[in-house]
Amino acid sequence: MRTTVSELPDSRVKIDVAVEPEAIAKRIDRAAVGLAEELKLPGFRKGKVPPALVIQRLGREAVVEQALRDSLPEWYERALVEAQINPIGDPKLDVGELPDAGEELAFTIEVAVRPPAELGEYRGLEVGRAEVEVPEETVDAEIERLREGFGSLHPVERPAAAGDAVVIDFEGTIEGEPFEGSSSKDFVIELGAEGLLPEFDAGLAGAGAGDERTIEVSFPDDHEPAELAGRTASFAVEVKEVREKQLPELGDEFASEASEFDTLDELRESIRTRVAEALAQRSEAEFREAAVDAAAANARLELPREVVHARAHEMWERIERQLAARGIDPQAYAKMQGKDRHQLIDDAEPDAERALRREATLEAVADAERIEAGDDELLEALGPGEGKNDPRKLLERLKEAGRDDLLRDEVRMRKAAELIAESATPIPLEQAAVREQIWTPDREPPEGGEDAPAAPEQPDPGKLWTPG
């Protein structure tokens, strides 16, 4: 296979691809073998018709078309790898005339790519970093969570209130008919608990042992199982017992029972240390992301909207796959957001643009600093593994497929992000926010005139691409 790359306007490229006759001939024979599975000829068992006879019977053009349908996806991937193109969005494929015997197949690929960035300052940037402080309320909340876990339930002779556990028997019907899961005995629910149907929460508030109540429940349109969606059920409920949760007394005895510490002060200090470590890690991660964002803000980069939209489309497709893997219907998820698929893709465009700016900046820094990624670093990036997942075997397979360059680029960009972050100087977040709002002559005037303050861009770290 030969590939030739030419640049097109608006951050697109065209790849001219030529597939050698020998490779085409092999794919035609393979397609003929597949077609033979459904072909019946006198004197041959099903699936055993020689390829030459299949071509003669069906016609060469039909077999070649099938070979192309089978092979184009693989040839497309191989062409991108050989041309070292990382595409954005869907490609436009143009296949020319079907090749005669002994001729090459020629086709072209047009696809969007990430445009290059022109670097500004990226070393020694002053970047805001959050100070690590552990509020006492956070420690108190963790202590209360532990107490809740060691709480016990005791019967009480009073009406049920929020936080109480209620033991009930219930029977449910829809239009007078019971349904699957509609009845239970000695069922325990906690009033006010997350996930409890609001009708049950309201219907059992103030109930006492021996009370009987009828509770109407309207299931939402997206309820699971689907046969209950949009329907109304009537539940006959008998309250058998009200139980009050009693928490252990807060003191050294509780600390020794709930942890490896002898005193409550030691337990609190341990919680404070653990929370501080988690906050420090988050602060460091956000600082590194902000450093890359600052370098990207200093770079010059023209991003056509079509490229941004294509990346937003890719991001949403990735979310759809993640939702499906968790058993969540992407359409139902979109409906819960009150939007359709197209609107959610449009909403992802700001995140897509920030991700593209980051990537282009990191690639430019890696080039400017002559950053390389050796095989040892690739093995480290692949992580530990055994058998088929042994990193050395994985790397060998990547090299054989010509895909190790993708991993090498990822490692280079990660090292570029580390260079930017490690050379940055941390400053208080408040100082960074004020500086962002002050216009200086070396920056573009903000909208609304030269005297108007520039609105600071506040990226959401949870939604953006993160280096490493």
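Of the 468 residues of the protein, 34% count as buried, that is, under 20% relative accessible area with a 1.4 Å probe and protein chains only. The model is predicted: local features need pLDDT of at least 70 and side-chain atom pairs count only at pLDDT 80 or more, whereas totals for chains, interfaces and linings use all residues. Residues are numbered from 1 along each chain as its sequence is written, and side-chain values use heavy atoms, with hydrogens and water left out.

The secondary structure comprises 15 helices and eleven strands, taken as DSSP runs (H or I, at least four residues, for helices; E, at least two, for strands) and numbered from the N terminus. The radius of gyration of the protein is 32 Å, well over the 23 Å that the globule rule gives for 468 residues, so the protein is more spread out than a compact globule. This radius is taken over C-alpha atoms, and the rule is 2.2 Å times the number of residues to the power 0.38.

The largest nonpolar core has 30 residues, and Val-17, Val-19, Trp-75, Ile-85 and Phe-107 have the most contacts inside it. Such a core is a set of buried Ala, Val, Leu, Ile, Met, Phe, Trp, Tyr and Cys residues joined through side-chain atoms within 4.5 Å.

Leaving aside neighbours within four places in sequence, Val-19 is in contact with Met-1, Ile-24, Trp-75, Glu-104, Leu-105 and Phe-107, contact meaning heavy atoms within 4.5 Å.

Technical notes. Buried < 20%, exposed > 50% of the residue type's maximum accessible area, 1.4 Å probe, protein only.
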